[in-house]
Amino acid sequence: MRWKEELLQLTPYQPGKSIAEVKRQYGLEKIVKLASNENPFGCSQQVLDKINQFAGSLALYPDGYATDLREALASKLGVSETQIIFGNGSDENIQIISRALLRPGFNTVMAAPTFPQYKHNAVIEGAEVREVPLINGEHDLEGMLKQMDERTNVVWLCSPNNPTGTYINENKLLSFLKRVPQETLVVLDEAYFEYVVAEDYYHSIELIKQFENLIVLRTFSKIYGLASLRIGYGIGSEKVIRALEPAREPFNTNTFAQIAATAALEDQAYVDMCRQRNREGLEQYYHFCEQEQLSYNRSQGNFILIDFKVDGNEVFQYCLERGYIVRSGVALGFPTSVRVTVGSKEENDEMIALMKAFISEKSPLNK
Ligand SMILES: *Cc1c(COP(=O)(O)O)cnc(C)c1O
């Protein structure tokens, strides 16, 4: 078979071990997963109630236009219904954008390390990938501008950035957007938008009105606690959305996802509670890092990247064997770090105790 050559250089996504698998392998009763930035509190009870009351038919295709959700979201955001595209998670929106704009002979610019799906999709489409290293965990916007030329079709920004948790402030983003050529689509991935508390964060929706070549990606997978249902959305100018729509599969978001997302939007008190608890959790980790003199970035997301100055896999393995699943920085481009999702207060306490135990047993800092 004549496969796309680009595919041959890629490896399939390696899913982390499942909770059941870890239980079995290490003979553990309790497993806490703080590896994928899921919401430790789950989703709103109102969402579960709505799903339980579902009286529709599983035999019917979902609403390909996601009408109810679209109306609710457009009115909440103050944009027109034609300015929104729904995806089977942000992952699919990234794929749709790549499919629509990337191809051999063109290039795409992104930070490194950042969310891996931008590069993955660009490689499949045969576009040249230009990666610009982060500086102290933050996007180097000036460096990214320098990498752009008349063949740059997409530039990816991740704010807050996964895996560092850093964000782009309003002044920097504005100055960047003003200098990006009209022909380049700027994708601003805001998967953690609802967790942000920084005061100099920009107003994404205002920026969309100002810059026609900007699309903002958000998701119900993170603060809304609906990762299993796979639903996310892009907001952009009507022109951008209309151009992308044919690259979207007609029934890409399912009925349950649409119902759940609509109900989730209605419970903003739940979102506020999660944001608040997340801030408290981050403070626990900051305190721990300072006590142990570990370097870290302050995070606007629901995760923290901590540098242990040893092989990240070793920290990962130590925690895994004791029932705590975190993400090793090795696969994330930070080989001596681990990324920990902020959990409930108790989970954070236990996680921190475990990391302290690791340091006193294993760290060369103590030898
Ligand atoms: C989790 C995440 C996504 C994927 O979100 P889904 O909606 O679950 O596909 C996209 N971008 C970033 C930065 C993420 O962290």
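Predicted model: local features only at pLDDT ≥ 70, side-chain atom pairs only at ≥ 80, totals over all residues.
A crossing of two helices is called left-handed if the near helix is turned anticlockwise from the far one by less than a right angle, and right-handed if it is turned clockwise.

I begin with the pair to which the definition first applies. Helix H4, residues 67-77, passes helix H11, residues 255-266, in a left-handed crossing. Their axes are 9 Å apart and the packing angle is about 25 degrees. Angles under 35 degrees count as roughly parallel, and H4 is therefore roughly parallel to H11. On the H4 side, the contact is made by Asp68, Leu69, Ala72, Leu73 and Lys76. These residues meet Gln258, Ala261, Thr262 and Leu265 of H11. By class, the H4 and H11 contact holds 5 nonpolar, 2 polar and 2 charged residues.

I turn next to helix H14, residues 345-362, and its approach to helix H12, residues 268-292. How do the axes of H12 and H14 cross? They come within 10 Å and cross at roughly 15 degrees, so H12 and H14 are roughly parallel to each other. The handedness of this crossing is right-handed. H12 contributes Gly281, Gln284, Tyr285, Phe288, Gln291 and Glu292. Facing them in H14 are Lys345, Asn348, Asp349, Met351, Ile352, Met355, Lys356 and Ile359. The residues of this contact divide into 6 nonpolar, 4 polar and 4 charged.

H14 also packs with helix H13, residues 312-321, where the axes come within 10 Å and cross at roughly 120 degrees. That angle makes H13 oblique to H14. The crossing of H13 with H14 is right-handed. Glu314, Val315, Tyr318 and Cys319 of H13 meet Met351, Leu354, Ala357, Phe358, Glu361 and Lys362 of H14. In this contact there are 7 nonpolar residues, 3 charged residues and no polar ones. Please note Met351, which meets H12 and also meets H13.

Let us now consider the ligand. How many residues surround the ligand? There are 13, and the closest are Ser90, Asp189, Tyr192, Thr219 and Lys222. For Asp189, a polar side-chain atom lies 2.6 Å from a nitrogen atom of the ligand. Thr219 places a side-chain N or O atom 2.5 Å from an oxygen atom of the ligand. For Lys222, the distance between a side-chain N or O atom and an oxygen atom of the ligand is 3.0 Å.

Finally, I come to the backbone. Most residues other than glycine have a negative phi, and most peptide bonds are trans. Where are the cis peptide bonds that I wish to show you? One runs from Ala112 to Pro113, with omega near -5 degrees. Pro113 sits in the loop between strand E3, residues 107-112, and helix H6, residues 117-125. Another cis bond joins Asn162 to Pro163, with omega near 20 degrees. Pro163 belongs to the loop between strand E5, residues 152-158, and helix H8, residues 170-179.

One further residue deserves mention here. Asn37, which is not a glycine, has a positive phi near 60 degrees. Its position is in the loop between strand E1, residues 32-33, and helix H3, residues 45-52.

Thank you for your attention.

Key: Residues numbered from 1 in each chain as written. Heavy atoms only, no water. Axes fitted to C-alpha atoms, helices over the stretch in contact; angles between N-to-C directions. Helix = DSSP H or I, 4+ residues; strand = E, 2+ residues; numbered from the N terminus. Parallel < 35°, antiparallel > 145°, perpendicular 65-115°, else oblique. Contact = heavy atoms within 4.5 Å. Nonpolar A, V, L, I, M, F, W, Y, C, P; charged D, E, K, R; others polar. Near = heavy atom within 4 Å. Polar contact = N/O pair within 3.5 Å; in protein donor to acceptor, adjacent residues only side chain to side chain.
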